[in-house]
Structure formats: structure tokens, C-alpha cells
Amino acid sequence: MVFSSLSFIFVFLPVFLVLYYIFPAKSRNLLLFLGSLVFYSIGDPNCLVLILCSITVNFFIGRGLERFEGRDFERKLLLVLSLLYNFGFLMFFKYTNFFIENINALLRIVHIPWRFYTWNITLPLGISFYTFQIASYVIDVYLGKIKADRSFVSLGAYLCMFPQLIAGPIVVYSDIRNALKKRTISISGFDSGLKTFILGLSYKVIIANRIGTLWNEVCTIGYESISTPLAWLGAFAYSMQLYFDFCGYSLMAVGLGEMLGFRMPANFRHPYTARSVTDFWHRWHITLSAWFREYVYIPLGGNRRGKSRTILNLLAVWLLTGFWHGAAWNFILWGLFIFVLQIIEKNLTLKWLNADNIFAKILSHTYMVFYILVSWTIFAISDFGELGIYLNRLFPFLIMDTGSAKSLFDLSDCMRLMTDYAPLLIASIIFATEYPERLFARIRNRFIGVAVAFILFWWSVYYLSIGLNNPFLYFRY
């Protein structure tokens with residue numbers, strides 16, 4: 001079940017909210033836990049036992065870490081066992097076939113006739129997200145930053161909370177531990193959360209799903225058959241689809257959390273208006289960046305051990321970030337691409353990109369357009385052969401041939417699709433800035449704000465009713 005579905009909007013959510021509001025406060029964690037398990041089982045019932053085992057194992061490990069206070073060996077052993085358990089399952093389900101395929105490729109290169117069979121493994125929904133959440137909980141208990149939760153139901157409600165279970169945002173336990181014990185639900189909170197949910201729903205259904213069809217058309221034509229202008233237009237369409245898809249989901253999650261009495265962290269802050277790659281990753285998938293900074297970069301030494309060590313630490317972070325997104329080499333290449341640009345920025349160009357003059361602003365935003373479109377192209381295309389073709393279409397002058405030279409000047413296919421999708425292309429640019437949300441924030445509690453939310457909601461429902469819906473892109477990661 002996804003948030004942008006009629007069954008969720010008109011069946012699951014209303015029934016759950018009615019029960020949640022009429023239940024006594026002390027029973028709401030249990031209802032949230034059970035309701036979230038029902039939500040998860042609708043999407044992936046076969047892996048329900050996996051998430052229940054994760055809660056059980058880490059609940060007792062958290063309690064054990066406190067019981068062995070002052071006994072370093074036992075505590076370290078429990079921490080290692082927890083990390084091996086949590087990341088072991090993530091590695092098994094997400095990366096087993098990746099390693100098998102690469103071992104087989106290596107065997108072919110050295111002409112060894114032996115081959116390993118790949119396994120029929122289905123990636124459990126949300127495992128990348130809830131693994132990071134429960135790992136952060138155990139690490140923080142080990143470090144003494146938080147106390148272990150003494151309630152299995154409370155920890156289960158934290159890990160399984162359906163607003164952010166499938167695709168984030170990644171919520172660390174310390175962010176909501178007080179709300180798990182005592183939270184306030186109110187009409188104003190419901191109203192605010194509902195409007196945030198509607199805004200996210202409209203991003204997903206009205207913009208992301210529809211502009212995604214432009215990217216689908218480019219893929220259907222075939223990368224070898226598209227012109228250079230259309231290649232850039234396709235990259236733009238995918239970039240906007242990815243942003244409004246994931247930002248929309250995150251806004252819906254934040255809105256649902258607010259309706260339930262939780263304040264979830266924002267996951268996006270208009271990243272396409274950033275003026276550097278460094279700034280971009282302070283704005284995009286903020287909770288993932290914060291997780292890697294807190295649990296990888298800083299423990300490795302951060303920037304406290306000299307320039308060379310800082311570079312190695314950043315390399316580790318971006319290799320892991322790329323690999324977290326998917327079991328394919330294009331994600332690792334994508335992470336390395338970001339790493340190289342960040343190193344260049346930190347050592348050479350960042351102060352020029354951030355300069356407060358019109359020339360620097362134009363230059364930095366132009367640079368970011370190229371970064372965004374090229375990086376998401378690398379992210380989108382997992383086959384290196386296909387990726388090479390697409391990059392050649394983006395930059396035909398790098399490997400010039402007859403077809404590429406012709407494509408550089410062919411505007412016919414691009415102009416047709418630009419004309420068809422012009423309103424969406426313009427809307428995506430406008431809504432990727434901060435101004436529409438800033439305007440909505442000013443009017444959201446007025447009559448006109450209610451009217452706008454009402455129109456956006458039923459507009460989204462209309463598109464859902466006629467079948468214009470796509471799965472959330474980040475469900476794959």
C-alpha cells in the first residue's frame with residue numbers, strides 16, 4: 001500500500017485515525033504498532049516476520065547494553081552482534097546477487113568455467129530505511145546518548161511507524177523518544193498535518209507522476225535514437241520526477257506524523273536552488289546525510305585529522321551512500337562523482353560559488369543545473385553500456401560520430417515533447433523553488449488556503465481515479 005492510493009486515502013487512513021483518536025492515550029503506541037504492521041503486511045506480508053525479529057533482537061540487545069553497564073567487553077560484543085545482525089540481513093537481501101554476478105564476471109575474465117547461480121531474492125520493503133533506524137538506536141544506547149526503551153511496544157511503534165516505515169525520512173530514536181512516551185493530538189495539529197499531506201500528495205500525483213511519463217517516453221524511444229536536446233530534456237524530466245516523488249512522499253510522511261502527534265524531521269529544503277554540490281547535500285535527503293555524518297563520517301574522524309584523512313573519510317561516506325542506494329555499479333559511480341565534485345569545491349571553488357555577486361550566482365546555478373542533470377542520469381541508468389550511450393547523447397562532442405553530430409542540431413523530437421509537456425515543465429521549475437511553499441505557508445490557515453488544499457486534494461484524487469499513478473521511486477532503494 002502506498003500513500004498515493006485510493007485505498008490508503010479513503011479506507012486505511014480514515015479507519016486508523018478514528019481508532020487512534022478514540023483510543024486512550026496509553027494505548028496509542030500499541031495501536032500505532034499494530035496498525036503499522038497491518039500497513040506493512042498489505043505491501044509485503046512475507047517479510048513481516050523479518051521486521052518483527054529486528055524489533056525483538058534489538059530490544060533485548062538494547063536492554064543488555066544497559067545491564068552490562070561498565071563491562072566493556074560484553075557491551076562491545078552486543079554492539080557487534082547487533083550490527084552484524086542488522087546489516088547482515090540488509091547485505092543478504094540487497095547485495096547477494098550483486099556479489100554473485102560480479103564474481104561470475106571475474107571468473108569469465110580469467111577464463112574459469114565455474115559459475116555461481118543467482119538466488120531468487122525479493123528485497124523487503126523499507127529494509128534500507130528501518131535497518132538504519134534500528135542501528136542508530138542501538139549505537140546511541142551503547143554510547144549512552146539515550147536510555148534503552150523498556151517497552152517492546154514502544155520500540156516497535158518507533159521502528160514500524162507507518163508514515164516513515166517504507167521510504168523514510170530516517171528518524172532517529174532521540175528525535176521522538178519523548179513523543180513515544182507522551183504526545184498531544186489536537187485539531188490544529190490534524191489540520192496542519194492534513195494540509196502538509198495534501199501538499200505532498202499533489203507533488204507526487206500532479207507533478208511527479210505526470211512528468212515521469214516524459215522520461216518514460218524518452219526511454220521508450222531508445223537512447224540511441226534520441227537527439228542531444230531530447231537527452232537533456234529527458235534528464236531534466238527524470239530529475240524533476242525524482243525530486244517531486246521523494247519530496248512528496250517525505251511531506252506526506254511529515255504530515256501524517258503531525259496528525260499522530262509526532263514532529264518528524266524535514267527531509268528536503270529546496271535542493272535544486274542550491275549553489276554548490278556541498279549545499280545540495282545539505283538540502284537533499286537531509287536525514288540520510290545526517291545519518292552518515294553522525295554514524296560514519298564523525299566516528300571515522302570527520303575533518304579533525306588533517307586534509308588527507310578528511311578526503312578518505314568523505315570517500316568512505318560517498319561510496320557507502322552510493323552503495324546504499326542500490327546494488328549496481330552505477331550507484332557507486334554516482335557516489336564517486338559527488339565525492340570528486342565535493343573535494344574540488346572544498347579545496348578550490350566553494351568560496352567562488354558562494355560569493356555574493358550576480359556573476360557568481362549565475363555561474364553557480366548554471367553549474368548546478370549540469371550537476372543535477374548529469375548526476376541523476378548516472379543514478380537512473382544501471383546498465384553501463386546504456387549509460388555510456390546516454391552520456392554520449394548529452395555530450396556528443398566528446399565522442400564525435402555521424403549520428404552524434406546530427407543529433408546535436410536535431411530539435412524536432414525535443415520540440416514535440418516540450419510542447420506537449422510545457423505546462424508541467426514550467427510548473428516543476430516554479431515549485432522546485434521555495435516561493436510556492438512560502439506563499440502557501442502564509443495562506444494555509446486562511447479560507448483561501450483551505451480552498452487551495454481542497455482543490456489540490458480532489459485534483460490528485462481525480463488523477464488517481466483514472467489510473468495516473470506510479471510507485472514511489474525510492475521504494476527500490
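The structure is a predicted model, in which local features need pLDDT of at least 70, side-chain atom pairs count only at pLDDT 80 or more, and totals for chains, interfaces and linings use all residues. Residues are numbered from 1 along each chain as its sequence is written, and side-chain values use heavy atoms, with hydrogens and water left out.

Two packed helices are described by the angle between their axes and the distance between the axes. Helices (H or I, at least four residues) and strands (E, at least two) are DSSP runs, numbered from the N terminus. The axes are lines fitted to C-alpha atoms, for helices over the stretch in contact, and angles run from 0 to 180 degrees between N-to-C directions.

Helices H3 and H5 pack at an angle of about 10 degrees, and their axes are 9 Å apart. The arrangement therefore makes H3 roughly parallel to H5 (angles under 35 degrees count as roughly parallel, over 145 as roughly antiparallel, 65 to 115 as roughly perpendicular and the rest as oblique). Contact, defined as heavy atoms within 4.5 Å, joins Leu50, Ile51, Ser54, Asn58, Ile61, Gly62, Leu65 and Glu66 of H3 to Ile127, Tyr130, Ile134, Tyr137, Val138, Val141 and Tyr142 of H5. By class, 11 nonpolar, 3 polar and 1 charged residues make up the contact of H3 with H5. In this classification, Ala, Val, Leu, Ile, Met, Phe, Trp, Tyr, Cys and Pro count as nonpolar, Asp, Glu, Lys and Arg as charged, and the others, Gly among them, as polar.

Helix H5 (residues 127-143) also packs with helix H6 (residues 152-160), at an angle of about 140 degrees and with the axes 9 Å apart. H5 is therefore oblique to H6. On the H5 side, Tyr130, Gln133, Ile134, Ser136 and Tyr137 meet Leu155, Tyr158 and Leu159 of H6. The contact of H5 with H6 comprises 6 nonpolar and 2 polar residues, with no charged residue.

Glycine 156 is also located in H6. With a relative accessible area of 0%, glycine 156 is buried (buried means under 20% relative accessible area, exposed over 50%, partly exposed in between, with a 1.4 Å probe and protein chains only). When its neighbours within four places in sequence are left aside, glycine 156 is in contact with Phe33, Ile55 and Met161. Glycine 156 and isoleucine 100 are 56 residues apart along the chain, and their C-alpha atoms are separated by 34 Å.

Asparagine 29 belongs to helix H2 (residues 28-43) and is buried, with a relative accessible area of 12%. Apart from neighbours within four places in sequence, asparagine 29 is in contact with Val153, Ser154, Ala157, Leu180 and Arg183.

A search of the whole structure finds 2 cavities of 30 Å³ or more. On a 1 Å grid over the protein atoms alone, a cavity is a set of points where a 1.4 Å probe fits but cannot get out, and lining residues have an atom within 4 Å of a point. Grid points are joined across faces, edges and corners, and a volume is the space filled by probe spheres set on the points. The largest cavity holds about 70 Å³ of space. Its lining is formed by Leu50, Ser54, Tyr85, Asn86, Phe89, Leu90, Ile127, Tyr130 and Thr131. Helix H3 (48-67), helix H4 (72-109) and H5 are the elements that give two or more residues to this lining, and H4 provides the largest share, 4 residues. The lining of the largest cavity divides into 6 nonpolar, 3 polar and no charged residues.

Asparagine 86, one of the lining residues, is found in helix H4 and counts as buried at 3% relative accessibility. Not counting residues up to four places away in sequence, asparagine 86 touches Ser54, Asn58, Thr131, Ile134 and Ala135.

Technical notes
On a 1 Å grid over the protein atoms alone, a cavity is a set of points where a 1.4 Å probe fits but cannot get out, and a pocket is an open set with protein on both sides within 12 Å along at least five of seven lines; lining residues have an atom within 4 Å of a point.
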